[in-house]
Amino acid sequence: MVKIDATWPHSHYKYIIQYSGLNLSLIFCWKGYPMQTKVQVIFYSMFGHIYKMAEEIVKGVQLVSDVEVEIFRVPELVPDTILEKSGAKAAQEAFSHIPIATVDHLADADAIIFGTPTRYGNMCAQMRNFLDQTGGLWMKNALAGKVGSVFASTGTQHGGQETTITSFHTTLFHLGLIVVGVPYAEAGLTNMNEITGGTPYGATTLAGAKGDRQPSENELTIARYQGKHVADITKALKLGRESMQQMKKPLDY
Ligand SMILES: Cc1cc2nc3c(=O)[nH]c(=O)nc-3n(C[C@H](O)[C@H](O)[C@H](O)COP(=O)(O)O)c2cc1C
């Protein structure tokens, strides 16, 4: 008869084989596969720059084994007539296939990477509106202990890249997320050969005052690094917690 001992950590299985005729029992251990680490990328984009960065973040996450990534966009709030006038309607067609984010879904993630264009040095209203629906999750500490990270886009070089990201971090801290940025191990952060986005707080791009500049190779590289970095850290955290058998309640450190 084979019995599985369920008291062991769920990344390991203990099989007990009993041969009752000889009254013999044999015990051996089996290292099982760890649970998948789940990363969500959640963005808003009006003219496509943040969407392009989000795609690169996803590619970076995909470089890490045993990590799955999902991408969502937050709902639009601007009336159709204004979107059409500004050209945003046409630009948003390129990512209309991306599913709409819901706040309840956030609880399924181990890490959430948020992308927002700058609005007067802050996150956009669409993202703010989305985050303002997380009160129920906050009450339950449902996001506490997860990893959070932010990337951004501005029109101009000094238009608020850092303030957009670091002011976004304040909300993540309130929700209990562990905030991760981009270390200077990514050499693109020190690139002085061109005008470029990229901050230690998170990847950024410069859209240009008229939105006609596209994310550069340097900026896309930093975005991929951020995705991989968040995935690496989250996976390590998850495996560590699993081995401590504290998966179910991340707050019980
Ligand atoms: C209402 C509004 C406010 C903006 N505020 C800023 C700003 O403070 N600094 C800046 O550099 N760009 C600003 N921009 C430009 C956007 O940040 C830019 O269009 C965006 O980063 C492009 O990203 P997207 O294509 O993903 O929408 C603003 C744009 C709008 C519509």
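Q: Helices here are DSSP runs of H or I with at least four residues, strands are runs of E with at least two, and both are numbered from the N terminus. On that basis, where is the place of asparagine 141?
A: This is a predicted model. In it, asparagine 141 sits in the loop between helix H5 (135-139) and S7.

Q: Is asparagine 141 buried, exposed or partly exposed, and why?
A: Asparagine 141 counts as partly exposed, because it has 13 C-beta neighbours inside 10 Å. The limit for exposed is 12 or fewer.

Q: What is phi of asparagine 141 near?
A: Phi is near 55°. That is a positive value, and asparagine 141 is a residue other than glycine.

Q: Tyrosine 120 next. What is its phi?
A: Tyrosine 120 has a positive phi of about 50°, although it is not a glycine.

Q: Where does tyrosine 120 lie? And why does it count as buried or exposed?
A: Tyrosine 120 lies in the loop between strand S6 (111-117) and helix H4 (125-131). It counts as exposed because it has 9 C-beta neighbours inside 10 Å.

Q: Back to the H5 to S7 loop. Is lysine 146 buried or exposed there?
A: Lysine 146 lies in that loop, between H5 and S7. It has 24 C-beta neighbours inside 10 Å, so it counts as buried.

Q: What does lysine 146 touch?
A: Leaving out residues up to four places away in sequence, lysine 146 touches Ala109, Asp110, Ala111, Ile112 and Leu177.

Q: How far is lysine 146 from leucine 106 in space?
A: The two are 9.9 Å apart, C-alpha to C-alpha. In sequence, lysine 146 and leucine 106 are 40 residues apart.

Q: And glycine 176, where does that one lie?
A: Glycine 176 lies in the loop between H6 and strand S8 (178-179). It has 17 C-beta neighbours inside 10 Å, so it counts as partly exposed.

Q: Which residues does glycine 176 touch?
A: Asn141, Leu143, Ala144 and Gly145, not counting residues up to four places away in sequence.

Q: How far is histidine 174 from alanine 144?
A: Their C-alpha atoms are separated by 8.9 Å. Along the chain, histidine 174 and alanine 144 are 30 residues apart.

Q: Quick check on glycine 135. Where is its place, and is it buried or exposed?
A: Glycine 135 is in helix H5. It is exposed, with 10 other C-beta atoms within 10 Å. Its C-alpha is 9.5 Å from that of valine 103, which is 32 residues apart from it along the chain.

Q: Changing topic: the ligand. How many residues surround it?
A: 19 residues surround the ligand. The closest are Met46, Phe47, Thr154, Gly155 and Gly159.

Q: Which elements each supply at least two residues of that shell?
A: Helix H1 (49-61) and strand S7 (147-154).

Q: How does the shell around the ligand split by class?
A: Six residues are nonpolar, twelve are polar and one is charged.

Q: You mentioned H1. At what angle does H1 pack with H7?
A: H1 and helix H7 (residues 217-243) pack at about 45°, with their axes 6 Å apart. That angle makes H1 oblique to H7.

Q: And the handedness of that crossing, left or right?
A: H1 passes H7 in a right-handed crossing.

Q: Which residues meet there?
A: H1 brings Met53, Glu56, Ile57, Val58, Lys59, Gly60 and Val61. H7 brings Leu220, Ala223, Arg224, Tyr225, Gln226, Gly227, Lys228, Val230 and Ala231. The residues of this contact of H1 with H7 divide into nine nonpolar, three polar and four charged.

Q: Last, the whole chain. How many helices and strands?
A: Seven helices and nine strands.

Q: What share of the residues counts as buried?
A: 36% of the 253 residues.

Q: And what share of the contacts comes from residues 24 or more positions apart?
A: Such residues account for 73% of the contacts in the chain with a separation of 6 or more.

How values were computed
Residues numbered from 1 in each chain as written. Predicted model: local features only at pLDDT ≥ 70, side-chain atom pairs only at ≥ 80, totals over all residues. Near = placed C-beta within 6 Å. Nonpolar A, V, L, I, M, F, W, Y, C, P; charged D, E, K, R; others polar. Axes fitted to C-alpha atoms, helices over the stretch in contact; angles between N-to-C directions. Parallel < 35°, antiparallel > 145°, perpendicular 65-115°, else oblique. Left-handed = near helix turned anticlockwise from the far one by under 90°. Contact = placed C-beta atoms within 7 Å. Buried ≥ 20, exposed ≤ 12 C-beta atoms within 10 Å, placed from the backbone.
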